[in-house]
Each structure stands twice: as structure tokens, then as C-alpha cells.
Amino acid sequence: MRILANDGIDKNAEKILVNQGHIVDTNHYDGNALVEKMRNSDVIIVRSATKIQKELIEQVKGGDLKLMIRAGVGIDNIDHLYAEKNDFTVKNTPNSSSAAVAELAIGHIFALSRHIHAANVTMKKGEWNKKHYKGTEINGKTLGLVGMGRISHEVAMRAQALGMKVVYTDLFNKSEKYPEFEYLTLEELLKRSDYISLHIPYDKTKGPTIKKEQFELMKDGVYLINTARGGVIDEKALLEALNSGKVAGAGIDVFEEEPTLNQALVDHPKVSCTPHIGASTEEAQERIGLETIDVINNFFNLN
Ligand SMILES: NC(=O)c1ccc[n+]([C@@H]2O[C@H](COP(=O)([O-])OP(=O)(O)OC[C@H]3O[C@@H](n4cnc5c(N)ncnc54)[C@H](O)[C@@H]3O)[C@@H](O)[C@H]2O)c1
Ligand SMILES: O=C(O)CC[C@@H](O)C(=O)O
């Protein structure tokens, strides 16, 4: 099998695939070179950098490509409906990165509560701003989780262990699976939470879930964490909410556009930001690599 890992793949997974007799190309291609490489591959594996949209799908039709794998959870960088309509199979690796993303979300909660992000910047400039950095404790505070799937549940367990009260909302109603956490409507959750963390997919046909109206419902001085997708929060409304003081701090791993050009948001002193690294741990990438191999083996009946 010829496998194109256009955004790279974990070294261990690459070794296993090569040992299985596959030809694995881990270079990154764009434009015509990508079209050519995809047409001559059986499988393409992408992370978030490579976008597989209608135009590209049209260009690779009729070649050898059969399987597109998103080595990750969110498949919003692949037009999967269009790909499937054109007889390509699209798969992801949803089971491997939950702990990594949950740990990053908790990291942003700590950074914001204790001004770690800001103190890092100012101390490196030679400033000693001890008086500016009186923080708040997370113990006893309410964390509202929007979406209660794989990642959110990992966040919930960690937050509960840290003494937070966890409430959640989801498209499903109250779930028997999570008796220890309180189910609320989105509206109730926004009103009651001290911290809000988003763990939902982005559906561009629906647009952002958190817009001006939702910010208005939140407590003054709320903290907001987004490790889901940039599009689920309206960045303009977020910036206004940060400037007005409605939002005391935002922890952001994902942006409407990536790499982001929204420097006003990145530079904002109340923002703790990371460049979409939720799944970027040694362990998660190794698990993602192994899950990718399972997907390939199952698809081509290689087990
Ligand atoms: N930052 C990163 O590197 C990174 C890594 C992995 C995943 N993600 C993002 O995290 C998202 C969640 O991943 P997961 O594995 O927990 O997914 P999941 O499918 O297990 O959980 C998502 C949950 O959200 C619910 N949901 C969907 N839309 C909703 C809405 N509008 N309101 C309330 N609930 C809603 C679903 O019913 C589901 O229970 C992914 O879709 C992806 O976009 C980001
Ligand atoms: O591939 C990445 O680096 C990010 C992955 C993440 O956004 C996902 O949805 O799994």
C-alpha cells in the first residue's frame, strides 16, 4: 500500500507500517504536487494542516486513493460528505487524544486563575509585578462543560478531583452515564458557571455556539476555555467580552483561522493561548499512530 502521511505521523507508527510492507511518505505536499501524490496513494493521513475540500477531491477522483484518515478527532478540515459521495472512505481516530486535550484545558484553567501566562511574559521582560497577580482558587468553583463526550468527561473527572463542581450541557438530555455531574441547559450553564470549557465539534452550517447573546448570559468575570474549534466562539464577541471585563480570562488553543491572524486576541493580557496543541503529546501521538494503523488494517482487511 502507498500511504501519504501529509502532516507527518508518529515515528513508531511509521516503523510498523513500513515493517508491514507499506511505502510511507511523510513529506508535506501542497498544490499540484499534493494532487499528484494523492492520486498515486491508496491512503492519505492528515492532521489539521492539510485541507481536503471539494476542489481537491474533484482533482484526485479516478486515481488510486481510497481512504482518507484524519489522524485526530475533528474532521472539519475534510469535506467528508463530498468525499463519501465520491466513493472515498473518510475515517478519524477519535479515541486517542482525550487525555491530552483534557490536560491542556486544565492547564489553561490554572494559567488564567493564577496569571501564569501573563507573569511568564512580564518576568522575562525583567518586571516583578507581584501585586498584579493576585489570583483566584479553582477549588469550590463551578466548571460548566459544553458538550459531554470523550474529552469533556476526562476534563470533568480531573476538575472534580481538584475540588470543582462540574455541570454540563449536551445535545442529548441528562445522561445516566454521568450521575455525578449536573446536567443543565446551555442557558442555565452560562448563567451559573465560573469557568466554561467547550468540547464540541464545529459545524460551519450552524456557526458559533458562543456569540454576543451567550456572553451576555455569563457571570461577570467568567473564565472561558476553548480547546474544541475556533469557530465555536465568535472571536469578535470574545474580544469585546474581554475588553468589557465580562470575561476575566480566556484560554484558547484553537482559532477561527489557523495560523491565526487575530493578533489583538493573542496579545490580549487576559488571554492564555497555545497554537492548537491539544493533541500534541508524545503519548497521544503514539496512540493516534496506532489507531491509524487499526483503521488501515480494518479497511483493507489486513488483520
Ligand atoms: N485542540 C485539539 O487539539 C483537539 C484535539 C481533539 C479534539 N478536539 C476537538 O474537540 C471536539 C470534541 O472531541 P470529543 O472527542 O470529546 O468528541 P465527542 O464526540 O466525544 O463529544 C462531543 C460532544 O459534544 C456534543 N455536542 C455536539 N454539538 C453540541 C452543541 N452544539 N451543544 C452541546 N453539545 C454538543 C455531542 O453530543 C457529544 O456528546 C472535537 O470535535 C474536536 O473539534 C480538539
Ligand atoms: O492534528 C492536530 O494537531 C490537532 C487535532 C485535533 O484538533 C483533533 O481534532 O483531533
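Start with Lys-165: its relative accessibility is 39%, so this residue counts as partly exposed. The model is predicted. Lys-165 pairs with Glu-182 in a salt bridge, 3.1 Å from N to O.

Side chains of opposite charge can pair when their charged atoms come close. By the salt-bridge rule, the count comes to 16.

Next, a pair within one helix. Glu-216 and Lys-212 form a salt bridge with an N to O distance of 3.2 Å. Both sit in helix α9 (residues 212–217), 4 residues apart, about one turn of the helix. Glu-216 is exposed, at 53% relative accessibility. Lys-212 is partly exposed, with a relative accessible area of 46%.

Now move to the loops. Asp-220 and Lys-246 meet through their side chains in a salt bridge of 2.9 Å, N to O. Asp-220 lies in the loop between α9 and β10 (222–226), and Lys-246 in the loop between α10 (235–244) and β11 (247–252), so this contact ties together parts 26 residues apart in sequence. Lys-246 has a relative accessible area of 15%; buried means under 20%, so Lys-246 is buried.

Finally, a network. Arg-2, Asp-42, Asp-64 and Lys-66 are joined into one network by salt bridges that share partners.

Notes:
Residues numbered from 1 in each chain as written. Chains lettered and ligands numbered in written order. Predicted model: local features only at pLDDT ≥ 70, side-chain atom pairs only at ≥ 80, totals over all residues. Heavy atoms only, no water. Salt bridge = Lys/Arg side-chain N within 4 Å of Asp/Glu carboxyl O. Buried < 20%, exposed > 50% of the residue type's maximum accessible area, 1.4 Å probe, protein only. Helix = DSSP H or I, 4+ residues; strand = E, 2+ residues; numbered from the N terminus.
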